[in-house]
Amino acid sequence: MIYVDHAATTPLKKEVLDKMMPYLTSEFGNPSSIYTSGRKAKIAINEARATLAGILGAKENEVFFTGSGSEADNWAIKGAAKMAKGKHLITSAIEHHAVLHTFDSLRKEGYEVTYLPVDADGLVSPQDLEKAIRPDTGLVSIMAANNEIGVIQPICELALISKEHKVPFHTDAVQAFGNMPVNVDDWGVDMLSISAHKIGGPKGVGALYIRRGTRVANFIHGGAQEFGRRASTENVAGIVGFAHAAKLADEHLDENIQKLTQLRDYYIKKVKETIPYCRLNGHPTKRLPGNANFSFEFIEGESLLLMLDMKGIEASSGSACTSGSLDPSHVLLAIGLAHEIAHGSLRISFGVENTIEQVDIIVRELAQIVQRLRDMSPLYEKVARKQV
Ligand SMILES: *Cc1c(COP(=O)(O)O)cnc(C)c1O
């Protein structure tokens with residue numbers, strides 16, 4: 001099997017599981033309990049918080065553990081909207097659904113949302129943000145790196161504009177974290193969401209950074225966990241695993257970026273050489289090191305995925321068909337693709353365990369499958385006939 005869908009989730013690292021094991025077995029105490037096993041669990045959480053804060057350049061009391069990246073996004077957006085003076089909010093057209101659908105829910109509650117467009121490469125323009133901010137704007141939320149096309153936004157510039165207008169700025173950094181340097185002060189953001197399972201950690205644990213002084217309503221009411229702001233008995237093993245995965249990603253960041261970039265660029269070059277009628281989606285260089293998203297004309301992404309799966313290759317389509325909808329990806333439509341082209345898209349997201357040999361296999365299988373699917377396409381037949 002060749003797994004190239006690391007933007008969807010990553011395999012749990014062995015070293016991470018080893019760090020988690022004690023907290024799933026012998027060290028099961030409730031971190032809120034005052035006896036020894038409880039205190040040990042509490043210490044482990046504090047250490048994990050310190051690790052993550054150190055990596056992010058944050059203070060320990062600015063990092064809050066959550067149940068996922070989606071929860072961190074929900075908390076930041078709903079929490080800031082609730083405390084905002086005005087009812088106008090700004091986001092981009094290419095956000096993850098955890099952000100987009102949260103804004104949708106706020107619209108139903110009477111907030112007004114501006115969705116900033118992106119250019120053909122997937123970039124948000126700082127000038128557009130400047131123009132969209134109004135006196136009643138209560139929050140700006142723009143993702144650091146996109147999960148489908150990998151494009152990296154000019155977060156420093158965007159956050160600075162928001163700051164000049166005294167509007168809190170949130171970024172969904174779930175894809176960026178572990179794949180590029182992420183520092184809350186370098187970026188100048190007020191809130192930032194991250195998730196463990198995208199960086200070799202366990203599923204079901206995330207974190208929200210909230211800069212001191214940012215007005216954000218508490219999220220889950222109950223006990224005093226997470227400084228009284230997000231109740232729930234902590235996912236101790238998950239939190240410990242998250243911090244260790246982040247530490248490993250941070251320590252190996254440069255070499256990982258180099259390796260992923262090499263795999264990606266090799267794949268991109270090979271696909272362009274081998275398969276006609278394809279286009280790379282997203283900015284050619286301002287993109288995540290492991291992301292390559294191609295559209296192949298005259299084919300349907302779902303068939304492509306199924307046929308790749310039969311060859312033992314696990315990847316993702318840019319379209320939302322998998323979730324039972326026939327609508328093409330909102331991200332691909334936002335960069336200006338026609339529906340039929342957006343449908344024929346394939347996202348490959350590499351991880352450090354992938355190899356150049358695997359890329360060769362993927363391209364070989366992909367070329368054959370694309371050709372087979374095109375041979376069945378009446379539209380392609382017309383184009384092929386014109387050529388001879
Ligand atoms: C995966 C992802 C999320 C959601 O994180 P979960 O921990 O799976 O809830 C949010 N935003 C982006 C950009 C993602 O890639």
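Q: Which strand order and pairing does the open sheet of 3 strands have?
A: Two strands pair if DSSP finds at least two bridges between them. Strands are DSSP runs of E with at least two residues, and helices are runs of H or I with at least four, both numbered from the N terminus. In this predicted model, the 3-stranded open sheet runs 9-10-12, with antiparallel pairing. Strand 9 (278-281) and strand 12 (345-349) are its edges, each pairing on one side only. The twist averages 25° from one strand to the next. Axes for such angles are lines fitted to C-alpha atoms, for helices over the stretch in contact, and angles run from 0 to 180 degrees between N-to-C directions.

Q: How many bridges join strand 9 and strand 10?
A: Strand 9 and strand 10 (residues 291-296) pair over 4 bridges, in the antiparallel sense. Asn281 stands opposite Asn293 in strand 10.

Q: What can be trusted in such a model, and how are residues numbered?
A: Numbering starts from 1 along each chain as its sequence is written, and the model is predicted, so local features need pLDDT of at least 70, side-chain atom pairs count only at pLDDT 80 or more, and totals for chains, interfaces and linings use all residues. Side-chain values use heavy atoms, with hydrogens and water left out.

Q: What is the strand order of the sheet with 7 strands?
A: This open sheet has the order 2-8-7-6-5-3-4, and its pairing is mixed. Strand 2 (63-66) and strand 4 (112-116) form the edges, each pairing on one side only. Neighbouring strands are turned by 20° against each other on average, direction ignored. Inside the sheet, strand 5 (residues 137-141) and strand 6 (residues 169-172) pair in the parallel sense over 2 bridges. Ser141 stands opposite His170 in strand 6.

Q: Which side chains have a polar atom 2.7 Å from a ligand oxygen?
A: A polar contact is a pair of N or O atoms within 3.5 Å. Gln175 has a polar side-chain atom 2.7 Å from an oxygen atom of the ligand. Ser195 has one at 2.7 Å from a ligand oxygen atom. For His197 the distance to a ligand oxygen atom is 2.8 Å. Taken alone the ligand exposes 390 Å², and the protein buries 90% of that (Shrake-Rupley method, 1.4 Å probe).

Q: How is an aromatic pair described?
A: The distance of the centres and the angle of the planes describe it. Rings of Phe, Tyr and Trp (its six-membered ring) pair if their centres lie within 6.5 Å; planes under 30 degrees apart count as stacked, over 60 as edge-to-face and the rest as tilted. The structure holds 10 aromatic pairs. Among them, Tyr267 and Phe294 are edge-to-face, 5.9 Å centre to centre with 70° between the planes. Tyr267 lies in helix 10 (residues 253-274) and Phe294 in strand 10, so the pair ties together parts that are 27 residues apart in sequence.

Definitions and conventions
A polar contact is a pair of N or O atoms within 3.5 Å; within protein, one must be able to donate a hydrogen and the other to accept it, and residues adjacent in sequence count only if both atoms are side-chain atoms.
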